[in-house]
Amino acid sequence: MSTQTAKPIRLGGVLYAADTPKRNALLDFATDLQKRGWHVCGLTQELAYDSHGEKIGLDAIDIKTGERFALARPSKEDRAAGSCGFDVSRLCDTSRVLNNAIEEQADLLIVEKFGEREQDGNGLAEEIVAAALAGVPTLVAVPASALETWNNFTGRLGTLLPHDMDQLWDWWPKSNLYKDLCLDVPDIAVHSLTIGPKTILIETAFGCGAAPNPNAMETTDIPATVSLRELALKIHQDADPLDHALGCAALLAHTNRYDQKGPDKSGLDHFKDSTDSVLVVGDFPRHRDYAAQVNFTSTENALPHLGTHAYDGLILPAHTFMDHSLPLFLNAKGNAQTLLVGPMTPLSPRLFNYGIDMLCARIIENPAKTKAMIKDGASVNELKKVSRYITLEKE
């Protein structure tokens with residue numbers, strides 16, 4: 001008998017009321033993810049107007065293709081009878097959109113909305129359940145007046161969310177940050193791959209990325225024609241230690257480019273003149289004046305510590321990005337303003353949506369000298385003399 005691991009249910013009910021401001025947050029969230037390269041599917045609703053600007057009904061819009069389905073076109077008789085003129089035959093078209101998304105295992109499915117038909121168990125109710133059971137992350141716009149019905153419909157298995165962009169990003173899994181960063185990496189040529197005893201360096205026409213060499217491996221069978229994106233994706237996939245290091249270096253070659261602009265500001269001084277309570281994680285020097293209230297802890301003890309203590313600020317070492325523990329810290333940090341500091345910090349604004357407020361890293365500026373240093377045994381931390389510091393802050 002074969003066994004399969006059930007996929008976790010990722011179902012969110014996005015609550016709104018008649019007076020909810022900015023009712024476009026759900027669509028804006030979907031559009032933002034689409035622009036980043038995520039596979040987003042589903043349906044939104046929009047009032048339909050004629051050429052004179054008169055309201056004539058309601059359309060459903062396929063998020064993936066932009067195709068419109070005329071859900072309602074009430075006639076004068078419908079209006080007189082108090083009917084919305086809903087065209088039940090169009091449900092086949094809209095359900096097809098959702099079923100295709102389930103079959104394609106979309107990264108996100110949007111359904112607007114949990115309307116009267118869905119509340120009665122009809123409409124797209126069956127497709128919403130099917131998507132959730134298939135493990136497709138699904139967000140459904142739910143009128144506040146239907147909250148009790150929604151809770152009964154879902155068995156309270158889903159998450160309730162306000163109609164707010166920041167809350168939607170908080171619902172989006174922090175572990176997705178790796179794939180998100182990789183989606184931004186272009187399919188460009190790799191100019192050179194340098195493997196030293198302690199460090200791996202990937203160079204393109206636009207930047208360099210360096211990562212520690214696991215187990216001092218000296219060779220790799222990476223083909224000469226491999227693109228930067230192909231290498232970067234190795235950090236997102238399950239990979240052996242060398243592949244993982246190659247993925248990190250490739251990603252940094254894109255994010256920490258020569259043309260990156262930003263102040264030469266040390267993140268370790270960010271809380272210096274504040275009264276904030278700050279937790280410093282890892283092997284940062286302890287003699288600095290971090291904040292009025294500062295605690296230090298090892299990376300290994302930090303997560304249990306954050307489970308019982310709350311802080312205003314959190315300083316994390318960049319190696320938490322490479323070893324994949326960063327999402328765990330971002331889930332545990334609470335409301336702490338969070339800084340990622342170190343040479344392996346990816347300088348990508350995409351990370352700001354995952355709960356990081358400041359990125360502090362180095363940009364390699366002298367590839368030729370860097371390669372020579374690496375061949376002579378330099379570590380990533382020893383590349384300071386061929387690099388410049390830069391800081392990016394969330395706006």
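Let's start with N213. Where does N213 sit? It is in the loop between β10, residues 208–212, and α9, residues 228–232. Keep in mind that this is a predicted model. Is N213 buried or exposed? Its relative accessibility is 8%, and the cut-off for buried is under 20%, so N213 counts as buried. Which residues does N213 touch? Leave out residues up to four places away in sequence, and the list is I195, G196, P197, K198, T199, I200 and L242. Now pick T154. T154 and N213 are 59 residues apart along the chain. Their C-alpha atoms are separated by 48 Å.

Next, helix α11. This helix covers residues 299–306. Four of its residues are buried: T299, A302, H305 and L306. How do they sit around the axis? Look down the axis of α11, and the buried residues fall within an arc of 105°, so they line one face of the helix. Here is the background. An α-helix has 3.6 residues a turn, so residues three or four places apart point the same way. Now turn to the other side of α11. There, E300 and P304 are exposed. What do the buried residues of α11 pack against? Three strands come up: β11 at 277–281, β12 at 293–297 and β13 at 313–317. Two helices join them: α12 at 319–322 and α13 at 326–332.

On to the nonpolar cores. In soluble globular proteins, nonpolar side chains tend to be buried together. Here the largest nonpolar core has 68 residues. Which members touch the most other members? They are L108, L139, W172, L177, I202, F321 and L326. Helix α10, residues 241–255, gives the most to this core, with nine residues. Let's look at F321. Skip its neighbours within four places in sequence. F321 is then in contact with L177, Y178, L181, I235, C248, L251, L326, L340, M344 and P346. There is also a second, separate core. That one has 23 residues, including L43, V97, L98 and I102.

Aromatic rings now. How many aromatic pairs are there? The count is nine. Take W169 and Y354. Their ring centres are 5.7 Å apart and their planes meet at 65°; over 60 counts as edge-to-face, so that is what this pair is. The two residues come from distant parts of the chain, 185 residues apart. W169 is in helix α7, residues 165–171. Y354 is in the loop between β14, at 337–341, and β15, at 358–364. Both partners are buried: W169 has 4% relative accessibility, and Y354 has 1%.

A second pair is Y290 with F296. This one is edge-to-face too, at 5.6 Å centre to centre and 75° between the planes. Y290 is buried, with a relative accessible area of 1%. F296 is partly exposed, at 25%.

Rings can also join into a cluster. Ring pairs link F29, W38, W169, W172 and Y354. You have met W172 already, in the largest core. One more ring to note: R10 lies over the face of W171, at 4.5 Å from the ring centre.

Last topic: salt bridges. The count comes to 16.

First up, E46 and R68. Their closest N and O atoms are 3.0 Å apart. E46 is in strand β2, residues 40–49, and R68 is in strand β4, residues 68–72.

Then D180 and R350. The N to O distance here is 2.7 Å. D180 lies in helix α8, residues 177–183, and R350 in the loop between β14 and β15, so the bridge ties together parts that are 170 residues apart in sequence. D180 is buried, at 0% relative accessibility. R350 is buried as well, at 13%.

Finally, R288 and D269, at 2.8 Å from N to O. R288 is in the loop between β11 and β12. D269 is in the loop between α10 and β11, and the two residues are 19 apart. Both are partly exposed: R288 has a relative accessible area of 29%, and D269 is at 35%.

Note on methods:
Residues numbered from 1 in each chain as written. Predicted model: local features only at pLDDT ≥ 70, side-chain atom pairs only at ≥ 80, totals over all residues. Heavy atoms only, no water. Phe/Tyr/Trp six-rings, centres within 6.5 Å; stacked < 30°, edge-to-face > 60°. Buried < 20%, exposed > 50% of the residue type's maximum accessible area, 1.4 Å probe, protein only. Lys NZ or Arg CZ within 6 Å of the ring centre and 35° of its normal. Arc of directions from axis to C-beta. Contact = heavy atoms within 4.5 Å. Core = buried A, V, L, I, M, F, W, Y, C linked by side-chain atoms within 4.5 Å. Salt bridge = Lys/Arg side-chain N within 4 Å of Asp/Glu carboxyl O.
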